[in-house]
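I opened this model to see how its chains sit together. My notes follow, in the order I looked things up.

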Protein chains: 2
Amino acid sequence: VISMPSQHNLVLAIDIGGTKTLVGLVDAQGTIQAQRRLTTDITGTAETHLAKCMEAAKACLIDAGRLKADVSGVGVTVPGLADRLRGVLVHAPYAGWNEVPVKAVLQNEWADTPVEIANDVNACALGELTFGNGRKFNHFIWVTVSTGIGSGIVVDRQIFEGESMIAGELGHVIVEWENGMPCGCGHTGCLEAHASGTAIRRMAERTIAESDRGAELARFIMDCNLDVSAESVAQAARSGIKEALEIYETAGRYLGRAFSYAANLLNPGGIVVGGGVSLALDLLAPAMRKTYRSSVIGESNRRIPIVPTSLGYEAGLLGAASLVYHQPPRMLK
Amino acid sequence: VISMPSQHNLVLAIDIGGTKTLVGLVDAQGTIQAQRRLTTDITGTAETHLAKCMEAAKACLIDAGRLKADVSGVGVTVPGLADRLRGVLVHAPYAGWNEVPVKAVLQNEWADTPVEIANDVNACALGELTFGNGRKFNHFIWVTVSTGIGSGIVVDRQIFEGESMIAGELGHVIVEWENGMPCGCGHTGCLEAHASGTAIRRMAERTIAESDRGAELARFIMDCNLDVSAESVAQAARSGIKEALEIYETAGRYLGRAFSYAANLLNPGGIVVGGGVSLALDLLAPAMRKTYRSSVIGESNRRIPIVPTSLGYEAGLLGAASLVYHQPPRMLK
């Protein structure tokens, strides 16, 4: 395939997730001109995985019929704490990587090309700001609801990182003070422990274990030859199985609690939800909105849009590209 | 009294609270060179009260031996929603004032002098940033714990107002989802309903009403010839009365909950507490810190300083002055 020549430069976007990595070429309109998917290899060093990403980048250039010289910048997202200024992945808990000089490694191959690095959730927020629903807001909150829950805070059309780069831990605000479930962080009652994909799966497992109440849900999942997961519970809820609907209702209520904290504090223009579980936002929304609206002060907070990402499956890849494309902020009137 | 001549210009600061108003002349170092105190007159129009503030300003100039020409700007804080750009007090719920063109009224008297207006809580945050503990932080949260609870969010050394000027409603984040007390805002379980001066007084009243448990507290307050109030309960707690200590412990626990939400979201450099109840921060602190530390993620969040204001009783007046003195932000390294 030989693509049409274009007046636009391309950005090489590398979205390194905990389990999968997307590598792509993205133009200034947010169109993905080529992409490759690979498994995130955490068996070796981060450098080994970055070398594989470079191979995928070359393959993308061939796919798109473009040259290395067409690439005006490289944007990399990492599943952990990133130091933008130094271009270093400080710590990726799941992969076990520490102090990886991502920028230096990539510039061995792409010398003189700007390389930007960011945490994956913050990059999604920036992608939404640059290419998605965030274009409409000066301030908004991006929330990834997936295996875990993370958030990125956009203030004055820029990512707000906080005093030591860990702002946006909405997944660990406590939403259940009395009967909190244990969270991976060591606390109990965190949003992540009550409304993530993992939390939804665990609620379903507990429901199924109570054979009298969970029988119908168990039968549905078995009949469909599925695993117990946030996705299969959503499918069951859409088939009208009451216990599955209740699980999403519970998760939605907890999301509403956390969103109310964020809105009361920050009075954002909107809340944008991404991550796999956001595909079931319709199932979460009734309880989420009800709890949210009864817990925020001010008519403008009550009315703010809570919407799914407009960037879909490639939100992270577009986020990586936006690290290069994002301009110094111009405030909306 | 004739003050020494000074090379510094002065700012006329007007801090209009719900019940009292302070008018003062403040120099660039934050020294108050003269001040007058008056009752906030809410029986008439806002314009009537502003005229009284102008009289007090003239008296301050005489007290300080200074001239109107020495005043380089006027800063006004109002107990409600302020529109900085238009210089208008949009709404002050307690006083019942709406759409007061504060800037225009003051410029009748002080033509060609810049007039800045802000919400009182945000102004305190800016005062702390300009003259107090906030000088050390790029980002911090100011919390006023008084009759009610309000907060001001400083991001990148500027007040963050949110999408419609109502950011910082920490007083209305919900800290008690199960057995929430009713709040003035119409919800139940807000921080303000569980940890404000009013909440502390109500807890004491309930304790006293349970005659078996509250007898000692009731006797102490009666013997000292005091009213039941946050102050008298603090005095009782300092005398070792267990029920009074428990009341502050309860309030401290709820403050810790709300502070944990704010820190997880914003990763601030610090939290600065002002308002009358902050005089009892020592009584609140043990339970507050314990709850806070067990509910935030990240070592840097666990370690952030939670400190009382360094500006004392005049925090609001210095806040009003800082509206004029505050420079475009220069970030700390």
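**Notebook: symmetry, interface, local features**

Entry 1, symmetry. I superposed chain B on chain A: the rotation is 180 degrees, with 0.0 Å of shift along its axis and an RMSD of 0.0 Å. That is the relation of a two-fold axis. I note that this is a predicted model. I then asked which residue of chain B comes closest to the rotation axis. Y261(B) does, with its C-alpha at 3.5 Å. I also checked the contact surface. The same surface serves both copies, since 100% of the contact residues of chain B recur in chain A.

Entry 2, extent of the interface. I counted 44 residues of chain B in contact with 44 residues of chain A. I looked up the area next. The two chains, B and A, bury about 3600 Å² between them. Carbon and sulfur atoms carry 64% of that area. On the chain B side, I find that E163(B), W177(B) and L265(B) lose the most area to chain A. Together they make up 22% of what that side buries.

How many salt bridges run between chain B and chain A? I get a count of 0. Polar contacts are another matter. I find 23 residue pairs in polar contact across the interface of chain B and chain A, both residues at pLDDT 80 or more.

The largest share, 7 residues, comes from α8(B). By type, I sort the residues of this side into 19 nonpolar, 17 polar and 8 charged.

I moved to strands β2 (residues 20-27) and β3 (residues 32-39) of chain B. They run antiparallel and are joined by 7 bridges. I picked L25(B) and looked for its bridge partner in β3(B); the partner is A34(B). The hairpin has 4 residues between the strands. There, G30(B) takes a positive phi near 85 degrees.

I looked at one pair in chain B. The side chains of K52(B) and D41(B) meet in a salt bridge at 2.7 Å, N to O. Where do the two residues sit? K52(B) is in helix α1 (residues 46-64) of chain B. D41(B) is in the loop between β3 and α1 of chain B. I note them as 11 residues apart.

Conventions:
Residues numbered from 1 in each chain as written. Chains lettered and ligands numbered in written order. Predicted model: local features only at pLDDT ≥ 70, side-chain atom pairs only at ≥ 80, totals over all residues. Heavy atoms only, no water. Contact = heavy atoms within 4.5 Å. Buried area = accessible area lost by both parts, 1.4 Å probe. Salt bridge = Lys/Arg side-chain N within 4 Å of Asp/Glu carboxyl O. Polar contact = N/O pair within 3.5 Å; in protein donor to acceptor, adjacent residues only side chain to side chain. Nonpolar A, V, L, I, M, F, W, Y, C, P; charged D, E, K, R; others polar. Least-squares fit on C-alpha atoms with pLDDT ≥ 70 in both. Pairing = 2+ DSSP bridges.
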